[in-house]
Amino acid sequence: MATATPAHPVLALRGVSKRFGAVQALTDIELEVHTGEVVALVGDNGAGKSTLVKTIAGVNQPDAGVIEWEGHEVSIHRPQDAQHLGVATVYQDLALCDNLDVVGNLFLGRELKRFGVLDEVEMEKRSRTLLDTLSIRIPSVRIPIASLSGGQRQVVAIARSLIGSPKVVILDEPTAALGVEQTAQVLDLVERLRGQGLGVILISHNMADVMAVADRVAVLRLGRNNGVFERRSTTQEEIISAITGATDNAVTRRQARGTEGTQ
Amino acid sequence: MTDDPQAPKQEGRYEEGRAHHPLPEDSMPVGGVNAPVPVAPDATPAVDPRLIVRQEGIAGYLGEFRRRVSSGELGSLPVVLALIVIWAVFGSLNSSFLSAQNLSNLSQQIVGTGMIAIGVVFVLLLGEIDLSVGSVSGLCAAIFAVLDVTHGVNQWVALICAILSGTMIGLLHGFFFARVGVPAFVVTLAGNLGWNGLMLQVLGSSGTVNLSGKDIVSRLYSTIYGQQFAAYGLATAAVLLFLGAALLDTRRRRAAGVPYRPVTDIALRTAVLAIVAYLAAYTLNQYKGLPLALLVFLIFIVVLDFVLRRTSYGRQVFALGGNIEGARRAGINVPWIRMSVFMICSTMAAIGGLFLAAQIQSASQTSGGGNLLMNAIAAAVIGGTSLFGGRGSTWSALLGALVIGSILSGMNIQGLSNAFQFMITGAVLLAAVVIDSLARRTQKAAGRA
Ligand SMILES: Nc1ncnc2c1ncn2[C@@H]1O[C@H](COP(=O)(O)OP(=O)(O)OP(=O)(O)O)[C@@H](O)[C@H]1O
Ligand SMILES: [Mg+2]
């Protein structure tokens, strides 16, 4: 995995900033993703992780800063632009269409066609194969998304990011709603994507998952970079203290808060 | 249920399904998932034992039917029931209602409103509304009449001009809605007034332009194919086409190893279609034969239904009705889909307007007015297209227009005044919207919305 890194990262953010009204959601963010590398993006709630993801995916435009793709500056104005570059994204809110069935959602925007007409049979076949590799049980690939459980929907959203031939896959809390078995499958999947030379950005609040698959861990705090750590040479405590913005850990923070309260 | 012979077999499959799926290194071939994936021939997909599997045959149908109704997936069931009730009531009040003559005339009279309703279905699928279809239909009819009769333009040119005017109007609505961001409700309300004004302007001082009766539009409406062969041939073609498509689909699905419709299922559906088609053909032949207007209407329904269900354009329209942000993130060009849907809607309004003009043999100041707008929207909703977006079919235009047309025709035969017609149509529309809302609530509860 840790093969010689190519000169240019496949995706790089340089000084990206984004403001929502009165909230400066992102300030001067730097991030690099190389091929065959899993970068975990961690941070507290509201740290700006999803905003960063949406900026890369073309859902939001950054106010300042540049996005580089394979060493060249690119402009991503619309989700299509990101898709054409080869960025596939699983959003935290999944962004599935409730009224379409599983197959319809998986291939939305990239339908397979035969003589100009939707090739439902081929799409259904691929959908089943794809969902089987993720070890999810879905009653039928022909039922509307509305009738799936939260975890089943999440797996559908993850499966959707694998359709097409992405070079970078962004997973925004992909395992938040998943059971033990499915979480393991998703982590396996992340490793397989890395093995195929894809760049992966993984957002998770689960430190065990992060430590299990990430090569590097980028920490966001209040919309700013708060350190990038090589996973091998870093302990979980160091990362957690970077997330919380203190050199102490959660336990000491609690104690500190307790003493504040008594004062 | 416990003595169901299928139960143990399913248990076995469940155990098989439990077996952890190994992830062979080649399960994700290089080149992305779209590269052909090898599938083991004996790969049985894991079946959830809680999944209610439909039994085969009639019993299965009834069970499925009961489940669908109780979970709010009514589809076109209420409207079919309503149609049966309406026909039974008017038929018992006056036997001439169900006569071949009346039903044949009905099949012609619904075409104008029905065409407009097809366009409304498209807009409703987005979860939007177009309040200008009445005025647009009147304006386009006036454009045709004035070009053809007053200015003596070639009738084909006049026809194309009228229809393209509709398309351009739709583009304008769509632009203000999709690009400028004005709510569709307001844009088309303004259009409703504005296009009506333009129609009055186009018609000029006389206010009424009579069609010659020999022009293309009049002939489209009034031509009736009298040969017995025409109606029966159409019915046969429809049944064979349906059967062929279903069998072909099943064969492909079987070959690909994905679930397919059992043959009994296809036979049952084909039989139902055949009964309806031949009954209609028989009735039409009892009177004058197959009206060209009805044929054109059916062609529009079938073609646009195909566009909605079998092309990626249609898929995108549905996606927009389900989740606009989701559709945008999937890379769909949301403004373009919105504009094109409004273009389709206004184009269909123009076509409907031409049929309505042909029906009364003139374009006048009252064209496109009255309750045409309400009837067209009501037809789409009564036919089962949801007001909430994302659910519907062009067939609802036919069913809804039939319901409204039947009420009007029945009341005319009974000699009831407009007052009653309006009240009853209003009540039916309310009932349809109530059913739509209740169905949506039930669907939510049953996890289908
Ligand atoms: N569309 C928006 N409009 C206004 N403010 C927004 C918008 N999206 C995000 N924000 C703000 O930006 C900040 C970062 O939000 P973001 O969703 O990126 O957090 P996050 O790191 O993904 O958090 P979580 O772990 O809870 O998902 C928050 O303060 C939020 O209020
Ligand atoms: Mg987030």
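Student: Which residue in β10(A) stands opposite V168(A)?
Tutor: The residue opposite V168(A) is G199(A) of β10(A). This is a predicted model, in which local features need pLDDT of at least 70 and side-chain atom pairs count only at pLDDT 80 or more, while totals for chains, interfaces and linings use all residues. Residues are numbered from 1 along each chain as its sequence is written, chains are lettered from A and ligands numbered from 1 in the order in which they are written, and side-chain values use heavy atoms, with hydrogens and water left out.

Student: Do β9(A) and β10(A) pair in the parallel or the antiparallel sense, and over how many bridges?
Tutor: Strand β9 (residues 168-172) of chain A pairs with strand β10 (residues 199-203) of chain A in the parallel sense, over 5 bridges. Strands are DSSP runs of E with at least two residues, helices are runs of H or I with at least four, and both are numbered from the N terminus. Two strands pair if DSSP finds at least two bridges between them.

Student: What is the strand order of the open sheet?
Tutor: The open sheet has 6 strands in the order β6-β9-β10-β3-β11-β12 (chain A), and its pairing is mixed. At the edges stand β6 (87-90) and β12 (224-230) of chain A; each has a single partner strand, so one side of each is left without a neighbour in the sheet. From one strand to the next, the twist averages 15°.

Student: Which strands does α6(A) touch?
Tutor: Helix α6 (residues 180-195) of chain A packs on the sheet and touches β3 (37-42), β9 and β10 of chain A. The direction of α6(A) makes about 135° with that of β3(A). Such angles run from 0 to 180 degrees between N-to-C directions, with axes fitted to C-alpha atoms, for helices over the stretch in contact; contact means heavy atoms within 4.5 Å.

Student: And what does α8(A) touch?
Tutor: Helix α8 (residues 236-244) of chain A also packs on the sheet, touching β3, β11 (216-221) and β12 of chain A. The direction of α8(A) makes about 25° with that of β11(A).

Student: Back to α6(A): is T183(A) buried or exposed?
Tutor: T183(A), which is found in helix α6 of chain A, counts as buried because its relative accessibility is 12%. Buried means under 20% relative accessible area, exposed over 50%, and partly exposed in between (1.4 Å probe, protein chains only). Apart from neighbours within four places in sequence, T183(A) is in contact with T175(A), L178(A) and D209(A).

Student: Turning to ligand 1, which residues come nearest?
Tutor: Of the 14 residues around ligand 1, the nearest are N45(A), G46(A), K49(A), S50(A) and T51(A); a residue is near if one of its heavy atoms lies within 4 Å.

Student: Which polar atoms lie by the oxygen atoms of ligand 1?
Tutor: An oxygen atom of ligand 1 is 2.8 Å from a polar backbone atom of G46(A), and one is 3.2 Å from a polar backbone atom of A47(A). An N or O atom in the side chain of K49(A) is 2.7 Å from an oxygen atom of the ligand. The protein covers 62% of the 630 Å² of accessible area that ligand 1 has on its own, by the Shrake-Rupley method with a 1.4 Å probe.

Student: Which elements give two or more residues to the shell?
Tutor: These are β2 (23-33) and α1 (49-57) of chain A. The most comes from α1(A), with 3 residues.

Student: How does β2(A) run relative to β1(A)?
Tutor: β1(A) and β2(A) run antiparallel and are joined by 7 bridges, with R19(A) opposite Q24(A). Their hairpin has 2 residues between the strands, and G21(A) takes a positive phi near 50° there. Strand β1 (residues 11-20) of chain A is mostly covered, with 7 of its 10 residues buried.

Student: How many bridges join β1(A) to β4(A)?
Tutor: 5 bridges join β1(A) to strand β4 (residues 64-69) of chain A, and the two run antiparallel. L11(A) stands opposite W69(A), and L13(A) opposite I67(A).

Student: Now chain B: where does D215(B) lie?
Tutor: D215(B) lies in the loop between β1 (208-210) and α8 (216-222) of chain B. D215(B) counts as buried because its relative accessibility is 3%. Residues up to four places away in sequence aside, D215(B) touches F144(B), D148(B) and Q155(B).

Student: Which side chain makes a polar contact with that of D215(B)?
Tutor: The side chain of S212(B) does, at 3.4 Å. A polar contact is a pair of N or O atoms within 3.5 Å; within protein, one must be able to donate a hydrogen and the other to accept it, and residues adjacent in sequence count only if both atoms are side-chain atoms. The side chain of D215(B) also reaches the backbone nitrogen of G213(B) at 3.3 Å.
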